[in-house]
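Hi everyone, thanks for coming.

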Amino acid sequence: EETDATGLHVFPGFMDVHIHSRDPGATHKEDFYHSTWAAAAGGLTTVFEMPNTNPPVNHVENFHKQVENLQPKAHVDFALWAICLGHLNINEIQSLHEAGAVAFKFFWGYAVHKKTYQLMYNYKPEMEDVIPPFQDGEVYDMFQEVAKTGKPFAIHAENNELIQHLTQKVEESGRRDYGALLQGRPNLAEATTIQTGISFAKDAGTRLHVLHVSTEEGVELIRQAQQEGYPITSETCPHFLYLSNKDFEKIGPHMKVYPPVKYEKDQNGLWKGIADGVVSVACSDHAPHTEEEKDGDLWSIPAGMCGVETLAPLMIHAVSEGRITPYELGKLLSSQPARLFGIYPQKGSLQIGTDADLTLVDFKRQKTIHKHELHSKSKVTPYDGFQLQGAPVATIVRGTTMMKDGAVTEEPAGRVVKP
Ligand code: NCD
Ligand code: ZN
Ligand code: ZN
């Protein structure tokens with residue numbers, strides 16, 4: 001099929017290296033058919049699926065099962081993350097690596113209740129001792145073990161002990177507003193964990209990747225480590241770039257996400273980090289929950305929102321706002337993630353030919369985000385009504401047009417990608 005690209009910008013296929021499709025385990029929230037359908041609609045040719053499914057991707061057998069589960073539903077190509085669960089699966093890291101896991105995620109300090117862990121990790125009583133906080137020694141062992149693979153060790157950086165302590169204090173004060181949430185999960189909680197992660201990575205020779213960075217402090221710590229020459233990388237998400245605590249009044253609990261959206265000064269620090277290359281990846285952290293689950297008290301609702309379909313549109317908008325250039329857009333959404341995760345030039349390079357991954361962008365097109373037009377199962381988005389300048393107008397996966405002018409193919413044709 002021919003696509004006329006006159007007047008359009010042609011990019012190497014955009015990718016989202018951080019999505020949670022809840023498949024298997026919580027497919028009432030989302031599944032891989034819908035998340036990758038939404039990905040194609042949003043101009044993405046590749047996604048990386050996070051491992052906190054139920055069962056999780058914690059050993060090689062589950063890795064292979066997950067490829068079998070996801071491939072028939074995939075509208076775009078995909079890679080799989082593996083999870084690090086301390087001593088429970090430290091002996092599985094090498095085989096997960098050899099099987100083709102793209103990288104390793106560690107939920108370091110994640111103040112969740114046992115119930116959430118039950119869902120995320122198929123919690124069993126014998127897992128009692130892996131509920132955060134993890135002991136530093138156990139964490140350090142994981143840094144060393146993943147270092148042997150040469151792949152990124154990616155951390156969800158929130159200091160659980162500090163969060164539990166401060167959240168309890170603010171709860172006792174009776175406050176339940178967004179400001180209280182931020183007092184319970186302060187910038188310091190991210191910074192202290194990133195700092196420890198950097199120290200461990202320097203010593204163990206680990207390629208540390210900091211997931212969903214939300215603070216200026218975090219950016220500055222990563223900048224310093226990079227300047228010292230360490231292979232430390234980071235990603236951020238549109239919600240940290242476009243939203244701040246001030247938006248809670250308008251958007252409400254739907255914007256609850258971990259780590260939480262912080263302050264305007266953090267927005268600015270993150271844009272600066274992007275401009276300087278300290279933050280080299282833009283991703284969505286697509287983490288759907290149903291509308292019913294998200295409608296309620298800020299304290300008790302789950303964290304996470306949809307984002308896979310709005311990632312590229314929001315980053316394209318940043319070009320129109322003059323925050324980044326088209327060239328930087330291509331790096332943030334394609335070549336840099338592909339290189340970082342070892343799938344370049346298989347992905348992330350501008351190929352010419354019948355098997356190319358391409359995203360076509362029309363910077364002149366104006367588009368408003370309407371939540372009910374989203375293709376994901378859940379439509380929980382903070383961006384309903386956002387008016388954007390520029391839009392992806394075609395998604396081509398290995399030569400096959402999966403999306404054209406907003407119309408998405410119903411036939412899955414995605415394949416697993418391995419480094
Ligand atoms: C994610 C989820 O729900 O799986 N939630 C979130 O708020 N970001 C987990 C995560 O990415 O840490
Ligand atoms: Zn996370
Ligand atoms: Zn996530």
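I'll talk about a metal site and then a sheet.

This is a predicted model, where local features need pLDDT of at least 70, side-chain atom pairs count only at pLDDT 80 or more, and totals for chains, interfaces and linings use all residues. Residues are numbered from 1 along each chain as its sequence is written, chains are lettered from A and ligands numbered from 1 in the order in which they are written, and side-chain values use heavy atoms, with hydrogens and water left out.

Which residues are the protein donors of the zinc ion (ligand 3)? They are H18 (NE2), H20 (NE2) and D285 (OD), at 2.0 to 2.1 Å. Donors here are N, O and S atoms within 2.8 Å of the metal (3.2 Å for Na, K and Ca); water is not among the atoms, so sites may look incomplete. Along the chain, the donor spacing reads H-x1-H-x264-D. The zinc ion (ligand 2) lies 3.8 Å from the zinc ion (ligand 3). Both H18 and H20 are buried, meaning under 20% relative accessible area, with exposed over 50% and partly exposed in between (1.4 Å probe, protein chains only).

Now the sheet. Five strands make an open, antiparallel sheet, ordered β1-β11-β12-β13-β14. Strands are DSSP runs of E, at least two residues, and helices are runs of H or I, at least four, numbered from the N terminus; two strands pair if DSSP finds at least two bridges between them. At the edges sit β1 (9–12) and β14 (407–408), each pairing on one side only. Between β12 (residues 387–397) and β13 (residues 400–404) there are 4 bridges.
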